[in-house]
Amino acid sequence: MYKMKKIVLGVLLVVTSTTYAQKDELKTLKKLYDKEQLSADDFSKYKETVSKLETLAITEDDKAAAGFYKAMQPLAEMSTLGAQPNPMMIQKLFTPETFTIMVNGMRSTLDYETKTGKKVFSADINETITSFKPIFTQMAFVFNGSKKYKEASRVFYNIFQLDPTVVSNLENAAITAMQAEQYFEAEKYYREIKAVGLKGTGKGKFAITEASLAKNIASLSFFNKNDEQAKIDFLEAIRLNPEDIQIQMDHATIYYRNNDIVTYQKLIEGILEKDPNNAQLQYNVGFLLINGDDKIVDEINLSLIHIWRC
């Protein structure tokens, strides 16, 4: 019994010392964060203390605090640059990667405090968003103007995460992801547009139409070889774009790609009924012939002759 008491006491001492350590880290970070400007030594202390708090944090509240101070680390560093840092210094500091970490941290903290009802950092975060959103927006357009589309896309999406009421940032993220040939990201963003709804939320609406959105999503899922989902996406795209033969041909190609030649043939014949003189369809038939699919070519040709006779 005595030995057990010693073990329990030892555990309690460790927990208590850890708790006090967390309180010390939190006090240090709050003191540093509240300063108007930090010296290089102050910022070094800030980073070191954030790392310690991340290691020591046990409770969800302390983990949320660690996430907040980690997210605000770029702002702490910026305060070492003087009262009026120039735009080039800010751009060098706030890379798309840094901005992404900052946004994720702020968003996580806001979500946690909304869930728990403990509004410790929310007011500060919302004030930061209001103050810095114009700078981040300008940064996104500078990247876009410099044809750095990958960077522009990430910044546009991060701005949308900070303020989902301005839906144009989500659409800009999707467009620039396409320009950057970041097709997985583009598919994600276009699907998010669909989830939000074309009427948007809050300020403004999306410029893209429902038909174009469906076409983009189907084309991207097809390109990204997300074939089972693409089959579903193409059905909606075809419904909204009934005259677009290329969408129907791409839909058929999914089945050819997956060796479902029966369905492919059926879809091609259906398209030929609508457009028997389509050169691309004739090429597809020729492609089957080159690849030794003589029987399918003969059946499609018979179907085509029947269409022409009608």
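Tutor: Lys35 is partly exposed, with a relative accessible area of 38%. This is a predicted model in which local features need pLDDT of at least 70 and side-chain atom pairs count only at pLDDT 80 or more, while totals for chains, interfaces and linings use all residues. Residues are numbered from 1 along each chain as its sequence is written, and side-chain values use heavy atoms, with hydrogens and water left out.

Student: Why is Asp42 called buried?

Tutor: Buried means under 20% relative accessible area, exposed over 50%, and partly exposed in between (1.4 Å probe, protein chains only). Asp42 has 17% relative accessibility, so Asp42 counts as buried.

Student: What makes the contact of Lys35 and Asp42 a salt bridge?

Tutor: A salt bridge is a side-chain nitrogen of Lys or Arg within 4 Å of a carboxyl oxygen of Asp or Glu. For Lys35 and Asp42 the N to O value is 2.8 Å, so the pair meets the definition. By this rule the count is 15 salt bridges.

Student: How do you know that Lys63 and Glu60 form a salt bridge, and where do they lie?

Tutor: Their closest N and O atoms are 3.7 Å apart, which means that the pair falls within 4 Å. Both are in helix α3 (residues 60-71), three residues apart, about one turn of the helix. Helices are DSSP runs (H or I, at least four residues), numbered from the N terminus. Lys63 counts as partly exposed at 42% relative accessibility, and Glu60 is partly exposed at 48%.

Student: What does the salt bridge of Arg154 and Glu97 tie together?

Tutor: The side chains of Arg154 and Glu97 meet at 3.4 Å, N to O. Arg154 lies in helix α8 (residues 149-162) and Glu97 in helix α6 (residues 96-116), so the pair ties together parts that are 57 residues apart in sequence. Salt bridges that share partners also join Glu187, Arg191 and Asp233 into one network.

Student: How do you know that the span of α2 is close to the expected one?

Tutor: The expected span is 1.5 Å times one less than the number of residues. Helix α2 (residues 40-56) has 17 residues and reaches 24 Å from first C-alpha to last, close to the expected 24 Å.

Student: Why are the buried residues of α2 said to be on the same side?

Tutor: The buried residues are Asp42, Phe43, Tyr46, Thr49, Val50 and Leu53. They cover an arc of only 125 degrees around the axis, so they lie on the same side of α2; the arc is that of the directions from the helix axis to the C-beta atoms. The face turned away from this buried side carries the exposed residues Ala40, Asp41 and Thr55.

Methods. Helix = DSSP H or I, 4+ residues; strand = E, 2+ residues; numbered from the N terminus.
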